[in-house]
Amino acid sequence: MTVTSQSPQPWYKEFWPWMILGVLASSVIAGTTFLVLSITSYDGMVEDNYYKSGLAINQVIAQDRRATAMDMAAAVRVDDLTGDVNVELSGEARPKRLLMTLIFPTRDDRDQQLILEHVRDGHYVGQAPRQLEYRWYLQLAPDIESPEWRLQGEATFPSDKAFQMKAQVPDEG
């Protein structure tokens, strides 16, 4: 009976050490990539001053209640080709200018503010800076330092229909 013995191969010629090192190296690369992304990218959804935002909620609710008491509502139409914004405002108030805030749901760097000028009885016009696409939250209020009322709505662009805006008072209870 003859036994042939093979001399063991060095570790670097084996499969298993390289597989283990490959898994570890890929974990380090993935972890470093996510660390760099988390440091360099800005999450605009998170506000810095939570306390101040919490205190401002009462003012916002008061604006919504005042808009309801004044029976305020608006129909907003945006021309997809030209970017013309037309608003028909109904209710007791007729300010000289309106401030329309377009809020993109996921990225605050896409938010926009438009100034709408009063043309005639309840009719306001303005210009959107670029063609709008996707879903947006809309807020409409007088263009003054501390507006007493505001209207809210939601719109998906492009659209041929007018979007309705109204006061949205939260339920108490």
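Glutamate 154 counts as partly exposed, at 44% relative accessibility (buried is under 20% relative accessible area, exposed over 50%, partly exposed in between, with a 1.4 Å probe and protein chains only). Its salt-bridge partner is arginine 135, with the closest N and O atoms 3.0 Å apart (a salt bridge being a side-chain nitrogen of Lys or Arg within 4 Å of a carboxyl oxygen of Asp or Glu). This pair links distant parts of the chain, since arginine 135 sits in strand β6 and glutamate 154 in strand β7, 19 residues apart (helices are DSSP runs of H or I with at least four residues, strands runs of E with at least two, numbered from the N terminus). Arginine 135 is partly exposed too, at 36%.

The model is predicted, so local features need pLDDT of at least 70 and side-chain atom pairs pLDDT 80 or more, while totals for chains, interfaces and linings use all residues. Residues are numbered from 1 along each chain as its sequence is written, and side-chain values use heavy atoms, with hydrogens and water left out.

In total, the structure holds 7 salt bridges. One of them joins arginine 66 and glutamate 148 at 3.1 Å, N to O. Arginine 66 belongs to helix α2 (residues 50–69) and glutamate 148 to the loop between β6 (134–142) and β7 (151–157), so parts 82 residues apart in sequence get tied together.

Glutamate 117 and arginine 97 pair up as well, at 3.7 Å, N to O. Here strand β4 (residues 112–120) supplies glutamate 117 and strand β3 (residues 97–103) supplies arginine 97, so the bridge ties together parts 20 residues apart in sequence.
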